[in-house]
Amino acid sequence: MASAETIPVSDALQTLRRVFGYDSFRGEQEAIVEHVIGGGDAVVLMPTGGGKSLCYQVPSLVREGTGVVVSPLIALMQDQVDALLAVGVRAGFLNSTQDFEQRREVEAAFVAGELDLLYLAPERLSMESTRSLLDRGKVALFAIDEAHCVSQWGHDFRPDYLGLSELHERWPDVPRIALTATATKATHAEIVSRLNLREAGQFVASFDRPNIQYRIAPKAEPKKQLLDLIRTEHPGDAGIVYCLSRNSVEKTAEFLVANGISAVPYHAGLDTRTRARNQSRFLREEGLVVVATIAFGMGIDKPDVRFVAHLDLPKSVEGYYQETGRAGRDGLPSTAWLAYGLQDVVQQRRMIQTSEGDDAHRRRLSQHLDAMLALCETVECRRVQLLNYFGQSGSPCGNCDTCLTPPESWDGTIAAQKLLSAVYRLQHERGQKFGAGQVIDILLGKQTPKVTQNRHDQLTVFGVGTELSGTEWRGVVRQLLAQGLLAVEGDYGTLLLTEASGEVLGRKREVRMRREPKRERGSRAATA
Ligand code: ADP
Ligand code: ZN
C-alpha cells in the first residue's frame, strides 16, 4: 500500500521539505526551481517577501557544485549565511569585511567542494583572483540577487553589476538566475539586455500585495498623525517609519518614546554597534518600531511588520513599493501609510535641481518624482495605479484609501487661474518671486506685515481667493506642482510659472483637483 512517504517527489520538493522544512513551493517557485535545476537561465521578478531566495537556494543544493550568489548587501551576508548554517546548509561568503585568514578558509572549502552556497560582493567577481578561484572548484549556478542594480535608470545602480555580463562567456554551461523585486518594464528590459539573458526563462510574479492597505494622507502634523495611527490601529505592533533625514529620524524616535511607544532610530550616522543592536532588536523583539532612513530594510526579513509609515515622500514609486513591501510578509493585514504635503514637493524638486550629475540624470529623477506624485494625487484605486506602474493590471481593490473613502474631484480651473495669475503679477508687475505662503496670504486678502510692507494689498488679485481656506490653497499649490503647472526654485521654494501654466491662464486647459476627505478612514482621530 502506498503511503505518503513512498509517493516519489522530485529532488527539489524533497530538498524543500527536508532542508527548509516547508511543505510546498509557493506560486512560481516550483517552475523556476525546476527550470534552473535543468540548466536553464532565468529572470525572476517577484515582489519583496515573495520567496526569491529559495529559487536559487534549492537548485544550488540539488545541482552538483556550489551556488555562487552575487549580492550587493554585504552587511547582510553574515545573517544570510548564519541562517543557512542553522538549517544545515554549508554556506560561506567572501567580502571586504573579512581578514585574509577568514577568506582563505572559505576559499579552501569551496575548492574542496564543501560549500553548497557561496555569497560574493559584485566587485569580487571582477577580480581575476576570484575568477580563477571559481575555476578551481565547481559552480552549480550563478544567482544575481538585486539584479535591478544593473539598471542605470534605477535608483540603486552599481557599476560592478555591468561586469556580470561576462559570466556567461567565461562559464557558458553554468545557469544564471537574476532576481529582483523591481519590476518596471524598463528595468526588466535592462536586466535582460545588460546581463545577456534574452534566452532565459522570464518569470514575472504578480506584484499585488493584497494584504497591504495603501493610504496616503495629507500631511498636517506628521508626528501626531503617526502617533494616532499607532495608537488607534497598531498598538504594540512592529513597524517601520521612514524619514528623509537623520535629524527627523532622531526627533521622531524621541517623540514616539516620549509618548510611550517603544521605538529606536536607525540611520547611517549612528555608529556600527548601535545600528547593529537596533536592527537585531527589531528582528528579535515583538512590537518594536524602527524609525529609519531608507538605509534600513534592504533584505530585512521580518514576517510580522504590521505597518510601514512614510513621514516624507519617497523619491520614486519603486522605492515606495519596496519600502511598503516590508509590511505583512506573513500575509496578514498590514498598513502602508504615507503623509504627504506641499513641502515634500518643494523640497524634492529643489533636491533634484541641485543634485549632481547631468541633465539626463536630473530628468530621470524628475520623472521618478512625477510618477510618485501622480500616485499621491490620484482619485483612482492606489493599488491599480501601483500595479499599472509595474506594467500589470488590476481592478479597484476595496483595500486602499481611495477605494474606502473615494475622494471627490473638483474643477479647480478657476482656483488655478487665480493662483497662477498672482504668481504672474508678482513676477511681471513687481519683478518679485515669493513662496506659497505669501501668495496664499495675498489670495486670502490677509493684511500681514509682509503684505503691507510689499504693498501686495494693491495687487488686483489681493483677496480674490477667500472661497478657499489656507489649507485648501496649499492643496491647490501642491497639485499644480504635481501636475507640472507650477514650478519652484531656490532655498525658499519660490513659485514660478511653467510653459504649461500659460495654457491654464489662457483658458485653454481645465484643471481637475482632488478634494481631500475631511478625515481618514480607519483612523479615529481627525487629521485634517
Ligand atoms: P524575498 O527575497 O523575495 O523578499 P524571501 O526569500 O526572503 O523573499 O522569503 C520571504 C519569506 O517567505 C521567508 O520568511 C521565507 O522563509 C518564506 N518562504 C519562502 N518560500 C516559502 C515556501 N514555499 N513556503 C513557506 N515559506 C516560504
Ligand atoms: Zn483600491
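In the predicted model, A436, I440, L443 and L444 of helix α19 meet G470, W473, R474 and V477 of helix α21. Two residues are in contact if their C-beta atoms, placed from the backbone, lie within 7 Å. By class, this contact of α19 with α21 has six nonpolar, one polar and one charged residues. Nonpolar covers Ala, Val, Leu, Ile, Met, Phe, Trp, Tyr, Cys and Pro; charged covers Asp, Glu, Lys and Arg; the others, Gly among them, are polar. Helix α19 spans residues 436–444 and α21 spans residues 470–482; they pack at an angle of about 125°, with axes 10 Å apart. Axes are lines fitted to C-alpha atoms, for helices over the stretch in contact, and angles run from 0 to 180 degrees between N-to-C directions. The two helices are therefore oblique to each other. Angles under 35 degrees count as roughly parallel, over 145 as roughly antiparallel, 65 to 115 as roughly perpendicular and the rest as oblique.

Helix α21 also packs on α18 (residues 413–430). Their axes come within 10 Å and cross at roughly 85°. That makes α18 roughly perpendicular to α21. A415, A416 and L419 of α18 meet V476, V477 and L480 of α21. The contact of α18 with α21 has six nonpolar, no polar and no charged residues.

Another pair is α1 (residues 11–20) with α3, whose axes come within 10 Å and cross at roughly 105°. α1 and α3 are therefore roughly perpendicular. D11, A12, T15, L16, V19 and F20 of α1 contact L54, V58, L61 and V62 of α3. Eight nonpolar, one polar and one charged residues make up this contact.

Helix α3 (residues 52–62) also gives the largest share of the shell around ligand 1, three residues. In total, 15 residues surround the ligand; the closest are Y22, R26, G51, K52 and S53. A residue counts as near if its C-beta atom, placed from the backbone, lies within 6 Å. The shell divides into five nonpolar, six polar and four charged residues.

Overall, the protein chain comes to 22 helices and 17 strands. These are DSSP runs, numbered from the N terminus: helices are H or I, at least four residues; strands are E, at least two. The C-alpha atoms fill a box of roughly 90 × 45 × 45 Å along the principal axes.

Residues are numbered from 1 along each chain as its sequence is written, while chains are lettered from A and ligands numbered from 1 in the order written. Local features need pLDDT of at least 70, side-chain atom pairs count only at pLDDT 80 or more, and totals for chains, interfaces and linings use all residues.
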